[in-house]
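Please study the sequence and the three-dimensional model shown below. The paragraphs that follow lead from a single residue to the wider architecture of the protein.

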Amino acid sequence: MSHPAHGLPVREREMGVMRTDGGGPPARRCLVPLAAVLISLCTGATYSWSVFVGPLKGWTGLDQGAVQLPFTLFYIAFPATLIFADAVVRRIGPRPAALAGGVVFGGGWMLAGLGGRHFAFTALGVGVLGGVGVGLVYIVPIAICILWFPRNKGLVTGIAVAGFGGGAALVANIAERLIHADGATPFSAFGWLGAAFAVLIGLGSLAMAYPPGMDGRHAQPLAWRTVLGEPAFRMLYLAMLAGLAAGFAVNSNIKQLYVGARGGDALSIAAIERAGLKAVVLFAVANAAGRLAWGWLFDHVRPAAALRANLAAQALLFAAALWLLRSPGGLMAFAALAGFNYGGVLVLYASTTASRWGAARVGQIYGWMFTANIPASAAPILAGK
């Protein structure tokens, strides 16, 4: 059976998923995406990493590439954990899984607060524990939202992960204030932020529950050989890898991009810093907006068309990078467009997975596809160098 808009095989009806659309108390249905946004506002904090790069270089004496280590480790631990997250959710349920992920993620950032003693604490806390924590919680809001709203996979996925991009803008501004407060350091900022993340994700996890009459185990997991053997999966994996690498290269280094391209420009260091911070925030806000816009587009065109449009937009933007990065205004345009395009990557592939293999298998199959983050995680270090 095919989706009328997508032409892709779906198995929701035979698994009893479609009957959940519109089911349950309306107030409870509305609470699910709101809680998903709250969770993703916290888990997207690592997207603000560029704000910490300059202060960390000053405090540790490390170079641009070295201080990207926590960011790179995060994008290895995160997708590696996501491979097993679906099994954890099936075993203990979405609410406990989200709560556990929040505790590990927040605790990791608090551990990073000890980085003043040795940078290894920051790498371990933000990179490894932070990645494991997000890996446990990330798929829960996506899967739960799709199960509650199966007829609007694209848009509801965009809503579920919009905070993951928009949260970086909020965290970037808060972090700037914490870092530059009297007597503060980037490491003290890590501690305060980590405590807040643990509490807020814990609150959001309370709404993470299956729709009435569903326990999340009605769809049998597929053998990995079966899925990985499908040409559709391999094509999606490679396309997602390209999109992720492009986004990572910009996101982790965006505050320094104009500095590297300004040539003989006479802007003061303070002005460059302000332009860099605006670019970080603009990337994050556009990232969130892009998730909603690309999600809406997904619901109205065939998945292949949406994916091709996203990849083409990224390619064209990078081709224009050398021209755009010659001025502060160009940096702002580059940041906004890069964030908008990158936002689509984290919506389109999850939504396509739900359409192709069924909403109840999103956690399992998208977890495998998400491992494209691991090879893509080399992009920040390479771009930093």
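Predicted model: local features only at pLDDT ≥ 70, side-chain atom pairs only at ≥ 80, totals over all residues.

Apart from neighbours within four places in sequence, Val-134 is in contact with Thr-43, Phe-74, Phe-78, Phe-105 and Phe-164. Val-134 belongs to helix α6, which covers residues 119–137. Is Val-134 buried or exposed? Its relative accessible area is 0%, and because buried means under 20%, Val-134 counts as buried.

The protein as a whole may now be considered. Its secondary structure consists of 19 helices and zero strands. Of its 385 residues, 57% are buried. When contacts between residues at least 6 apart in sequence are examined, 84% of them join residues at least 24 apart. The accessible surface amounts to about 14900 Å², and carbon and sulfur atoms account for 69% of this surface.

Eight of its eight residues are buried, so α17 is largely enclosed by the rest of the structure. These buried residues are Val-362, Gly-363, Gln-364, Ile-365, Tyr-366, Gly-367, Trp-368 and Met-369. They pack against α4, α7 (139–148), α10, α11 and α16.

Helix α14, residues 303–319, presents another arrangement. Its 17 residues should span 24 Å at 1.5 Å a residue, and the C-alpha atoms at its ends are 25 Å apart, which agrees with that expectation. Where do the buried residues of α14 lie around its axis? The buried residues are Pro-303, Ala-306, Leu-307, Asn-310, Gln-314 and Leu-317. Because they cover an arc of only 100° around the axis, they are on the same side of α14. The face turned away from this buried side carries the exposed residues Arg-308, Leu-316 and Ala-319.

Charged side chains also meet within the model, where the count of salt bridges comes to two. One of these joins Arg-90 to Asp-86, with the closest N and O atoms 2.8 Å apart. Arg-90 and Asp-86 are four residues apart in helix α4 (residues 69–92), and therefore about one helical turn separates them. Both of these residues are buried.

The side chains of Glu-230 and Arg-356 also form a salt bridge, with an N to O distance of 2.8 Å. Glu-230 lies in the loop between α10 (224–228) and α11 (231–251), whereas Arg-356 lies in helix α16 (residues 328–357), so this pair ties together parts that are 126 residues apart in sequence. Glu-230 counts as buried because its relative accessibility is 16%. Arg-356 is buried as well, with a relative accessible area of 18%.

Which residues make the nonpolar surface patch of about 370 Å²? The patch is made by Val-199, Leu-200, Leu-203 and Leu-206. Val-199 lies in helix α9, which covers residues 186–205. With a relative accessible area of 53%, Val-199 is exposed, whereas Val-134 is buried.

Note on methods:
Residues numbered from 1 in each chain as written. Heavy atoms only, no water. Patch = residues over 30% accessible without salt bridge, like charges linked within 9 Å, V, L, I, M, F, W, Y side chains within 5 Å. Areas by Shrake-Rupley, 256 points an atom, 1.4 Å probe, with all protein chains shown as cover. Salt bridge = Lys/Arg side-chain N within 4 Å of Asp/Glu carboxyl O. Helix = DSSP H or I, 4+ residues; strand = E, 2+ residues; numbered from the N terminus. Buried < 20%, exposed > 50% of the residue type's maximum accessible area, 1.4 Å probe, protein only. Expected span 1.5 Å × (residues − 1). Arc of directions from axis to C-beta. Contact = heavy atoms within 4.5 Å.
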